[in-house]
Amino acid sequence: MEQTRIQALGDELYHAMIKREAVSPLTSRGEDITIDDAYHISLRMLERRLADGASVIGKKIGVTSKAVQNMLNVHQPDFGYLTDDMVFNSGEVMPISDRLIAPRAEGEIAFILKKDLNGPGITNADVLAATECVMPCFEIVDSRIRDWKIAIQDTVADNASCGLFVLGDQAVSPRKVDLVTCGMVVEKNGSVLSAGAGAAALGSPVNCVTWLANTLGEFGIPLKAGEVILSGSLVPLEPVKAGDYMRVDIGGIGSASVRFA
């Protein structure tokens with residue numbers, strides 16, 4: 001795809017995010033968009049956001065669990081960039097009505113890095129050695145693609161459907177919790193909504209971070225010390241609206257909560 005077209009599509013998604021006006025799927029327009037094209041479209045969208053003053057503080061892995069893959073009919077992981085204007089603390093009110101188009105919440109485990117990871121060739125042991133701590137997290141995904149009618153190229157181009165995220169107020173060493181068997185319970189408005197375990201995300205959240213480090217390494221992009229890495233949902237996505245309250249508890253790690261406005 002020509003660079004001018006890549007820039008135009010990236011600009012279109014950027015304006016869709018700013019104006020909260022969804023656009024038709026990029027893959028429905030009769031254009032041949034490869035996944036590599038889609039990542040370059042995403043980078044153009046990021047470039048526009050950085051020009052507005054945002055800073056990259058981490059990365060996210062998307063579409064890791066079978067539950068989410070089946071919901072979206074997208075059957076391979078992808079990645080996107082996290083910026084400083086996306087993050088909220090546990091317990092804060094998140095203004096999704098002003099920021100997002102079609103928000104959906106998912107419970108995840110966040111990794112906070114203390115060392116760089118430069119793929120390819122990264123192993124799970126490398127990831128554990130580079131991780132300062134893990135934290136409970138809600139990612140509130142959003143789609144600038146109308147009605148979530150996405151192919152893999154659409155969500156990749158749309159920064160892996162990034163929206164906003166919430167970090168819990170507890171953190172533990174990744175070596176002090178079994179990240180494969182740890183259980184997650186998600187509540188919505190006081191009722192249990194869903195449950196999952198670490199194994200739901202590519203067999204382990206560590207596998208997800210390893211995949212990300214090696215995939216980004218192919219593009220010459222490192223995971224950096226201090227960055228937040230969202231490792232992918234362990235439960236199905238849940239649509240949310242103003243007035244909803246959600247809480248996630250992860251065995252051995254802690255909890256996070258958010259109220260939407």
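A pocket, as the word is used here, is an open set of grid points with protein on both sides within 12 Å along at least five of seven lines, and its lining residues have an atom within 4 Å of a point. With that in hand, welcome to a few close-up views of this predicted model.

**View 1. The largest pocket and the residues around its centre.** Sixteen residues, 16 in the numbering of the lining, surround the largest pocket, and those nearest its centre are Met17, Ile18, Arg49, Asp85 and Arg99. Helix H1 (3-19), helix H2 (35-51) and helix H4 (96-99) are the elements that each give two or more residues to this lining. The volume of the pocket is about 250 Å³. Sorted by class, its lining has eight nonpolar, six charged and two polar residues.

**View 2. Helices H1 and H2 where they cross.** Two packed helices are described by the distance between their axes and the angle between them. Here the axes of H1 and H2 come within 8 Å and cross at roughly 55°. That angle makes H1 oblique to H2. The crossing in which H1 passes H2 is right-handed.

View 3. Rolling a probe the size of a water molecule over the atoms shows where empty space is left. The structure holds two cavities of 30 Å³ or more, and the second largest cavity contains about 40 Å³ of space. Its lining is made up of Tyr39, Leu43, Phe79, Tyr81, Phe219 and Ile221. H2 and strand E2 (78-83) are the elements that give two or more residues to it. By class, the lining of this second largest cavity has six nonpolar residues, with no polar and no charged ones.

**View 4. An open sheet of five strands.** Follow the strands across in the order E4-E13-E12-E8-E9; they form an open sheet with mixed pairing. Strand E4 (93-94) and strand E9 (191-197) stand at the edges with a single partner strand each, so one side of each is left without a neighbour in the sheet. E4 runs parallel to strand E13 (residues 254-260), and two bridges join them. Look for valine 93, whose bridge partner in E13 is arginine 259.

**View 5. Two loops with backbone details to look for.** In the loop between strand E5 (104-113) and helix H5 (124-130) you will find proline 120. Aspartate 147 sits in the loop between strand E6 (131-141) and helix H6 (152-157). Although aspartate 147 is not a glycine, its phi is positive, at about 60°.

Technical notes:
Residues are numbered from 1 along each chain as its sequence is written. This is a predicted model: local features need pLDDT of at least 70, side-chain atom pairs count only at pLDDT 80 or more; totals for chains, interfaces and linings use all residues. Side-chain values use heavy atoms; hydrogens and water are left out. On a 1 Å grid over the protein atoms alone, a cavity is a set of points where a 1.4 Å probe fits but cannot get out, and a pocket is an open set with protein on both sides within 12 Å along at least five of seven lines; lining residues have an atom within 4 Å of a point. Grid points are joined across faces, edges and corners, and a volume is the space filled by probe spheres set on the points. Helices (H or I, at least four residues) and strands (E, at least two) are DSSP runs, numbered from the N terminus. Ala, Val, Leu, Ile, Met, Phe, Trp, Tyr, Cys and Pro count as nonpolar, Asp, Glu, Lys and Arg as charged, and the others, Gly among them, as polar. Two strands pair if DSSP finds at least two bridges between them. Axes are lines fitted to C-alpha atoms, for helices over the stretch in contact, and angles run from 0 to 180 degrees between N-to-C directions. Angles under 35 degrees count as roughly parallel, over 145 as roughly antiparallel, 65 to 115 as roughly perpendicular and the rest as oblique. A crossing is left-handed if the near helix is turned anticlockwise from the far one by less than a right angle, and right-handed if clockwise.
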